[in-house]
Amino acid sequence: MKKITLISCILFTAMCLACSGKKGSNEPEYPKPAEGETLYVGNATFSNVGKFQLAFILSADKSELHDITIYITDFTYSYTQGSVVTNGSVGGAQMSISGSHQLTPPTTDLHFGENSITNLTFTENGANAKVSYVYVDRNSNGDVNIPLGTSDIHFEAQ
């Protein structure tokens, strides 16, 4: 049982860090905005997660966002598959969602599989939304979805 947990954690962490190009850092690597674009960074609170940050870039014409990045630290989880109980933890992982996503004012809802950013509205110097996130533990018995839930998130323009 401990062997499965350790392998799951190592595989997920390696996959996330490989996707982002980060290796072993405990600090997020934010996307870099081009001239006229704006980076937004927000924090959400989920139980079992030490830190959950979401960042994105708003285009210069404010019509779309891109380079969505999620950064998680100190996440612990537990689930049962059949008679096997898996306990795991992730020290730090960074994931990116590719592509550009059109904004539909006054509020925008974006869905990425089971993950979403909803009720996204922009203020004078930030933005507010709700974020729903499902962590996927990839193991030898298949993928297991672990819903973190939904949290309010406030973004600050950087």
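**Core and buried charge**

Guide: In this predicted model, the largest nonpolar core has 34 residues, and those touching the most other members are Phe-52, Leu-54, Phe-75, Tyr-133 and Phe-155. Two or more residues each come from strands E1 (38-44), E2 (49-58), E3 (64-81), E4, E5 (108-112), E6 (115-122), E7 and E8 (142-157).

Visitor: Which element gives the largest share of this core?

Guide: Several strands contribute two or more residues, among them E1, E2 and E8. The largest share is seven residues, and the strand that supplies them is E3.

Visitor: Which residues does Leu-54 touch, leaving out those up to four places away in sequence?

Guide: Leu-54 is one of the core residues that touch the most other members. With residues up to four places away in sequence left out, its contacts are Tyr-40, Val-41, Gly-42, Ile-68, Thr-69, Ile-70, Ile-117, Val-131, Ile-153 and Phe-155.

Visitor: How far from Asp-137 is the nearest side chain of opposite charge?

Guide: Asp-137 lies in strand E7, residues 126-139. Asp-137 is buried and has no salt bridge. A salt bridge needs a separation within 4 Å. The nearest side chain of opposite charge is that of Arg-138, at 8.2 Å.

Visitor: Which side chain makes a polar contact of 2.2 Å with the side chain of Asp-137?

Guide: Asp-137 is without a salt bridge. The polar contact of 2.2 Å joins the side chain of Asp-137 to that of Tyr-79.

Visitor: Is Thr-86 buried or exposed?

Guide: Thr-86 sits in strand E4, residues 84-102. Buried means under 20% relative accessible area. Because its relative accessible area is 1%, Thr-86 is buried.

Definitions and conventions: Residues numbered from 1 in each chain as written. Predicted model: local features only at pLDDT ≥ 70, side-chain atom pairs only at ≥ 80, totals over all residues. Heavy atoms only, no water. Helix = DSSP H or I, 4+ residues; strand = E, 2+ residues; numbered from the N terminus. Buried < 20%, exposed > 50% of the residue type's maximum accessible area, 1.4 Å probe, protein only. Lys, Arg positive; Asp, Glu negative; His and termini not counted. Polar contact = N/O pair within 3.5 Å; in protein donor to acceptor, adjacent residues only side chain to side chain. Core = buried A, V, L, I, M, F, W, Y, C linked by side-chain atoms within 4.5 Å. Contact = heavy atoms within 4.5 Å.
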